[in-house]
Amino acid sequence: MVGTFWSLVPAIVAIALALITKEVYSSLFIGIVIGAVFYSIDGALGFGGFLSHLFGDGLVASIADGYNIGILIFMVILGTMVALMNKAGGSAAFGNWAKKHIKSKVGAQCATILLGIMIFIDDYFNCLTVGSVMKPVTDKYGVSKEKLAYLIDATAAPVCIIAPISSWAAAVAGFVTEGENGIALFCKAIPFNFYALLTLVMMFAMVFMRFEYGTMSKYEEALEIMNEGKEAEAEETKGSVLDLVLPVVVLIILCVIGMVYSGGIFDAESEAYGRFAVAFSQSDASVGLVIGSTGALIITVIYYMIRKVLNFKDCMGCLPDGFKAMVPAILILCLAWTLKGMTDSLGAKDYVASLVEGSAAGLKMFLPAIIFIIACLLAFATGTSWGTFGILIPICIAAFPEGAIRIVSISACMAGAVCGDHCSPISDTTIMASAGAQCDHVNHVSSQLPYAITVAVVSFVTYIVAGLTLGLGIVASGIISWVVGLALMLATLIIIKKKFAKKAA
């Protein structure tokens with residue numbers, strides 16, 4: 001079962017069960033158990049080996065991983081900061097301010113998208129920060145939790161993968177075995193990252209066209225009926241807008257400093273000493289986010305005490321509140337990480353790598369589209385973009401040492417990985433988007449799938465066009481591909497609106 005299609009079965013079963021039963025905890029655990037069973041059967045390990053792999057090599061090892069622990073600490077601290085901002089009245093004050101300055105549902109959604117684009121440093125940071133800042137605003141204008149979760153998710157990984165200064169750029173550069181040329185290659189690939197860029201086009205187009213489709217339309221319509229005739233009243237609060245804005249700004253600044261610190265920018269013996277871009281490319285997002293968020297939490301507590309909106313006891317009372325708010329997301333993350341570990345132990349990476357290498361011969365013009373689909377499926381089944389990068393980018397570099405086909409193929413790999421990650425219910429980014437919007441996780445996955453699949457289909461066709469036109473040169477190919485992609489994206493949305501969508505108010 002190791003290194004064959006069976007290695008993907010645990011993830012496929014977990015995803016299918018989650019979508020069918022709408023219960024994610026047991027679905028993930030069943031997938032983990034199936035992975036442990038397959039591993040013990042393949043190695044003839046018996047029941048003792050099964051238990052050891054399930055708990056020792058699986059759950060305990062995944063949760064105890066240093067990087068994962070850092071992400072969990074960051075989530076708890078951010079949850080605590082959100083609890084502090086709510087208790088201090090900063091969220092309510094921002095909501096009251098937004099009611100005066102943001103005049104419509106369209107404005108609330110556009111503000112959410114723009115904030116998501118601005119916070120391009122890291123997808124985890126993006127998901128939880130945008131959710132905590134914008135939820136009071138979207139609540140006031142009748143944007144459903146499911147739509148907010150989609151906007152957060154669609155401006156997390158898709159934005160990070162086209163931002164040269166981000167933890168994702170650093171990760172991709174690390175998989176490019178060309179030293180400092182990794183970031184340069186990443187930048188060259190940005191214009192051909194059709195899925196990420198077309199996702200941004202789709203979000204703005206749908207907001208201004210004012211419609212939803214699929215499951216999302218049901219959630220939006222239900223909320224609209226619930227809020228009909230209700231007038232949102234300003235909440236009484238002793239807090240001010242600054243009580244929300246200042247902690248968020250401090251958090252952003254300190255997280256950036258924390259990330260470049262972890263990359264060695266202040267280490268005189270490091271090659272990154274004094275070099276921001278190099279330090280960022282070598283940063284450890286887990287460590288950097290913990291450093292930055294811890295500093296921001298301390299400053300926030302001191303600021304609220306000086307302002308006398310909260311005393312020390314109130315501030316400390318927010319610690320367990322923040323932890324409790326993040327428990328569902330933490331549990332799902334721990335199970336998702338364990339499931340990924342199971343598929344890794346079954347050799348899923350080797351199986352997919354062999355498929356990609358086998359498909360390369362004789363399909364050069366269609367290879368970008370093929371790589372896009374394979375990356376989508378792999379990231380969807382494993383719930384990880386970075387793992388997909390690690391498998392496919394070295395293969396693309398080895399298969400295409402130079403030329404336009406190399407750049408487009410690497411772009412297709414990154415776009416497909418983000419697409420699969422965006423769709424997958426076991427993706428950590430998807431889980432955090434649900435947490436940021438305080439939305440039921442399965443509702444978020446089911447409502448955003450039609451949107452993500454729409455962009456994926458258009459992107460797939462666009463990669464076919466890019467592959468067929470590469471002989472004209474990379475600039476001409478890019479222009480033709482974008483004309484076709486944009487036209488197809490807008491035409492698709494117009495057709496969907498006319499035939500399937502329920503118009504939103």
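**Helices H8 and H22**

Is the crossing of H8 and H22 left-handed or right-handed? In this predicted model, the crossing of these two helices is right-handed. Two packed helices are described by the angle between their axes and the distance between the axes. For H8 and H22, the axes come within 8 Å and cross at roughly 135°. That angle makes H8 oblique to H22.

On the side of H8, the contact is made by Lys145, Leu148, Ala149, Ile152 and Asp153. On the side of H22, Thr429, Thr430, Ala433, Gly436 and Ala437 take part. Sorted by class, the residues of this contact are five nonpolar, three polar and two charged.

**The chain as a whole**

The chain has 505 residues, and buried residues make up 57% of them. Its secondary structure comprises 24 helices and two strands.

Contacts may also be considered by separation along the sequence. Among contacts between residues at least 6 apart in sequence, 79% join residues that are at least 24 apart.

**Helices H4 and H16**

The crossing of H4 and H16 is left-handed.

H4 contributes Gly66, Tyr67, Gly70, Ile71, Ile73, Phe74, Ile77, Thr80, Met81, Leu84, Met85 and Ala88 to the contact. From H16 come Ala285, Ser286, Leu289, Val290, Ser293, Thr294, Ala296, Leu297, Thr300, Val301 and Tyr304. The contact of H4 with H16 has 16 nonpolar and seven polar residues, with no charged residues.

**Aromatic pairs**

The structure holds eleven aromatic pairs. One of them is formed by Trp6 and Phe38, whose rings are 5.5 Å apart, centre to centre, with 90° between the planes. This arrangement is edge-to-face. Trp6 lies in the segment before helix H1 (9-21), while Phe38 belongs to helix H2 (residues 24-42), so the pair ties together parts that are 32 residues apart in sequence. Trp6 is partly exposed, with a relative accessible area of 45%, whereas Phe38 is buried at 11% relative accessibility.

Tyr150 and Tyr451 form another edge-to-face pair, with 5.0 Å centre to centre and 85° between the planes. Tyr150 is in helix H8 (residues 145-154) and Tyr451 is in helix H23 (residues 441-469), and the pair links parts of the chain 301 residues apart. Tyr150 is buried at 2% relative accessibility, and Tyr451 is buried at 0%. Elsewhere, ring pairs link Phe192, Phe194, Phe372, Tyr463 and Trp482 into a cluster.

**A buried loop residue: Ile265**

Which loop holds Ile265? Ile265 lies in the loop between helix H14 (242-262) and helix H15 (276-281). The relative accessible area of Ile265 is 12%, so this residue is buried, the cut-off being under 20%.

Leaving aside its neighbours within four places in sequence, Ile265 is in contact with Val260, Ala272, Tyr273, Gly274, Arg275, Phe276 and Ala279. Ile265 and Gln282 are 17 residues apart along the chain, and their C-alpha atoms are separated by 9.5 Å.

**Two residues with positive phi**

Most residues other than glycine have a negative phi. Lys308 has a positive phi, near 65°, and is not a glycine. The place of Lys308 is in the loop between H16 and helix H17 (312-345). Lys308 is exposed, at 71% relative accessibility.

Where is Gln438 found? Gln438 is in the loop between helix H22 (428-437) and H23. Gln438 likewise is not a glycine, and its phi is positive at about 55°. With a relative accessibility of 49%, Gln438 counts as partly exposed.

Terms used: Residues are numbered from 1 along each chain as its sequence is written. This is a predicted model: local features need pLDDT of at least 70, side-chain atom pairs count only at pLDDT 80 or more; totals for chains, interfaces and linings use all residues. Side-chain values use heavy atoms; hydrogens and water are left out. A crossing is left-handed if the near helix is turned anticlockwise from the far one by less than a right angle, and right-handed if clockwise. Helices (H or I, at least four residues) and strands (E, at least two) are DSSP runs, numbered from the N terminus. Contact means heavy atoms within 4.5 Å. Ala, Val, Leu, Ile, Met, Phe, Trp, Tyr, Cys and Pro count as nonpolar, Asp, Glu, Lys and Arg as charged, and the others, Gly among them, as polar. Rings of Phe, Tyr and Trp (its six-membered ring) pair if their centres lie within 6.5 Å; planes under 30 degrees apart count as stacked, over 60 as edge-to-face and the rest as tilted. Buried means under 20% relative accessible area, exposed over 50%, partly exposed in between (1.4 Å probe, protein chains only). Axes are lines fitted to C-alpha atoms, for helices over the stretch in contact, and angles run from 0 to 180 degrees between N-to-C directions. Angles under 35 degrees count as roughly parallel, over 145 as roughly antiparallel, 65 to 115 as roughly perpendicular and the rest as oblique.
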